[in-house]
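These are my notebook entries on one structure, written down in the order in which I looked things up.

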Amino acid sequence: MKKLLATLLASAMALTTVAGLTACGEDKPTLTVWAPAAAKKAYEARVADWKKDNEQYKDWTVKFENKAEGEAETDLGIDPTKGADIFFMEAGQIATMESKAYLQKLTTEYSDLIKARDSEATYKPVERDGRMLAFPCTSDNGYFLYYDKEFFDADDVKTLDGMLAKMEGKTVTVDGAETPVKIMFEYDNGYYEVSWFFGTGCMADWQDEDQTIYKTDVSTSEAGRAAARASIKYLGGYKDNFQNGGTGAMLTGFANKSVVAAFSGTWGAQGDDTGSLTDALKKANRIGKDENGEDEKYTKVIGATKLPTFKTTLDNGEEKEYQMGSFVGGKYCGINRYKNNVETITAAMSLANYFCDQAGQEARFDATEAGPSNLNVAAMQKVKDNVLVSALNQQNAAGGYAQLSQNGLWDAMKAFGEGCWKGEITASNMQSKLNDLAKAMAKGASKLLGDNNVEISLS
């Protein structure tokens, strides 16, 4: 794999200016950037700083296109030659991006800067032989619990069973109809379904930096069986109290009070194209002006904390309580190898560094509350006092799972969560379904390099 990537990257550096430059004729040279909408203004300000500090780039044009980090891998896959020069992505996309040679490896200079300024937990997953595949730009690629402070207090949300007990029999009127209050849990998304498995202590990951050995114990361990029983118990047994849905559904639910808690990350408060969580609550008149005439934020009525604990049954029939798990990881800024040449690669790396350095990460935090990977920004008092960063740090300490990449996980866990919800996975067929889960995870992992290049250890 390394030889293949080296060949591809060498080819990229040898491309002619005509083949790689966005500009032609008398047009100004141009860089295109795929970035999340909420961070656009912060990054536009960094472009101005970049041009001011670098005379050679003062006449370059930088064009932004709104694109969530989760969409980068899919959209590059359509035609990487037409993708952005610079793009932001999630940690879980690194393996596929690397295997398809989408990522231009960073120079030693930038790699050394990253190792000096960013947390090891965020740069290690993208380090290859001392050089980085991408710039870390956040350390918030994990989820925690949002909850309605007018419904729950801080003690209520410590346990999932306690939350469900308080929700029992409670309804709200939505569009003229009574509906039970719900917890937003995206059960058809493997990213969240895996919370039960990481909570009980299962492991599922590449065992080496070169990603040739994938190992999981979801089907062979008591931890895997305990996690499966929990998913069946809660998703299959409390259907009226769980709601599937992403950020948009969360905003709507908190606004009309039909959702009283939600599993999400910092992106939940940032919102979507319709606005932020604060915007949604304002429109619903749940928040307004404080006593000083200042605009209130979502934090007046919505709290954030680590995920709750849950109870499940062991093989011997005993009940045991576990902390729900999440991920520890970051988001990244990559350089598109397929359409760049030496001149644009150099410019793109230079600009991406401005997006992801201390000033860039502070600007993104100020704009979106994104947790920083930069050590200096993370140490700032305003960051340590932030509700979302605090909740994420609590979750990371209590039940965070650091991973290299999880390409085999998403679709397999999605199918398992859906099966529990629909009642298709039960105690009687659980072991068979766990075997299928492990095989699907291994199959997904092997797609990266081919079945003959990946040793699967199901233990």
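Entry 1, confidence. I began with the confidence values, since this is a predicted model, and I noted that the mean pLDDT of the chain is 89, with 88% of its residues reaching 70 or more.

Entry 2, a sheet. I next looked up an open sheet of five strands, whose order I wrote down as β2-β1-β3-β19-β6, and its pairing is mixed. Which are the edge strands? They are β2 (61-66) and β6 (135-138), each of which pairs on one side only. I also noted that, with direction ignored, neighbouring strands of this sheet are turned by 30° against each other on average. As a reminder to myself, strands of a sheet pair through backbone hydrogen bonds, and they do so either parallel or antiparallel.

When I looked for the bridge partner of W34 in β3, I found F87. I then turned to helix α3 (residues 40-53), which lies across β1, β2, β3 and β6 and runs at about 170° to β2.

Which residues of helix α6 (residues 108-117) are buried? I found Y110, S111, I114 and R117 to be buried. Seen down the axis of α6, these buried residues fall within an arc of 140°, so they line one face of the helix. This made me recall that an α-helix has 3.6 residues a turn, so residues three or four places apart point the same way. On the face of α6 turned away from its buried side I found the exposed residues E109 and A116. I also asked what covers the buried residues of α6, and the answer includes α7 (120-123), β5 (131-132), β6, α15 (342-356) and α17 (375-378).

Last, I looked up T309, which lies in strand β16 (residues 309-313). Is T309 buried or exposed? T309 counts as buried because its relative accessible area is 13%, and buried means under 20%. Leaving aside neighbours within four places in sequence, I listed the contacts of T309 as K158, T159, L160, E321, Y322, Q323 and M324.

Definitions and conventions. Residues numbered from 1 in each chain as written. Predicted model: local features only at pLDDT ≥ 70, side-chain atom pairs only at ≥ 80, totals over all residues. Heavy atoms only, no water. Pairing = 2+ DSSP bridges. Helix = DSSP H or I, 4+ residues; strand = E, 2+ residues; numbered from the N terminus. Axes fitted to C-alpha atoms, helices over the stretch in contact; angles between N-to-C directions. Contact = heavy atoms within 4.5 Å. pLDDT = per-residue confidence, 0-100. Buried < 20%, exposed > 50% of the residue type's maximum accessible area, 1.4 Å probe, protein only. Arc of directions from axis to C-beta.
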